[in-house]
Amino acid sequence: PVLIDMKFPQHLLRYAPLAAIASISAGAAVILRRVDPNVPGNPLPGCPFYALTGIWCPGCGSTRCLHALVHLDLPQAMAMNPLLVLSIIPVLVMALHGAGLWPARWLPLVRLFARPIPWLVLVLGYWVARNLPWYPFNLLAPG
């Protein structure tokens, strides 16, 4: 028998993370279109950190936020987790850049979004702020 030596085009591997993100996102969107995380007894898990501590973590409300986004309800999504809604664009920009699909002239924007220290400060600050009981910080808590 004659074996055909077919090699996988290596340049396509850079699209693998983007393809994985797109596949996971599509699957999550299908689930969130059908399952309402706001209904008691739904099969989606709650936040284990909140269950153990009673403190909102930066991700608390994310499932309900994404459910609202899938249903195009931006005000409800912002009420559940505004940081998630606002971070979708920078994360998408970085993913597209990583796959080589972002225009090179916008590289300064990618570099701005890719700096880890501002993200760390933002997430930690958001974590603290959403647990403060005073207005307007209490608006950051899910719901």
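Biologist: Is valine 121 buried or exposed?

Modeller: Valine 121 counts as exposed, because its relative accessibility is 56% and the cut-off for exposed is over 50%. Keep in mind that this is a predicted model.

Biologist: Where does valine 121 sit?

Modeller: Valine 121 is in helix α7, residues 116–129. Together with Ile117, Leu120 and Leu124, Val121 makes a nonpolar surface patch of about 390 Å².

Biologist: OK, what about the inside? Which residues form the largest nonpolar core?

Modeller: That core has 5 residues: Cys65, Ala68, Ala77, Met80 and Val85. Helices α3 (62–70) and α4 (74–80) each give two or more residues to this core.

Biologist: And what does methionine 80 touch, leaving out residues up to four places away in sequence?

Modeller: Methionine 80 touches Cys60, Gly61, Arg64, Cys65, Arg130, Pro142 and Gly143.

Biologist: Cysteines, then! How many disulfides are there?

Modeller: The count comes to 0. Cysteine 47 is in no disulfide, and the nearest cysteine sulfur, in cysteine 60, is 3.4 Å away; the cut-off is 2.5 Å.

Biologist: Last one: where is proline 45?

Modeller: Proline 45 is in the loop between α1 (16–34) and α2 (48–53), and counts as exposed at 65% relative accessibility. Its C-alpha is 8.9 Å from that of threonine 63, which is 18 residues away in sequence.

Note on methods: Residues numbered from 1 in each chain as written. Predicted model: local features only at pLDDT ≥ 70, side-chain atom pairs only at ≥ 80, totals over all residues. Heavy atoms only, no water. Core = buried A, V, L, I, M, F, W, Y, C linked by side-chain atoms within 4.5 Å. Buried < 20%, exposed > 50% of the residue type's maximum accessible area, 1.4 Å probe, protein only. Helix = DSSP H or I, 4+ residues; strand = E, 2+ residues; numbered from the N terminus. Contact = heavy atoms within 4.5 Å. Patch = residues over 30% accessible without salt bridge, like charges linked within 9 Å, V, L, I, M, F, W, Y side chains within 5 Å. Areas by Shrake-Rupley, 256 points an atom, 1.4 Å probe, with all protein chains shown as cover. Salt bridge = Lys/Arg side-chain N within 4 Å of Asp/Glu carboxyl O.
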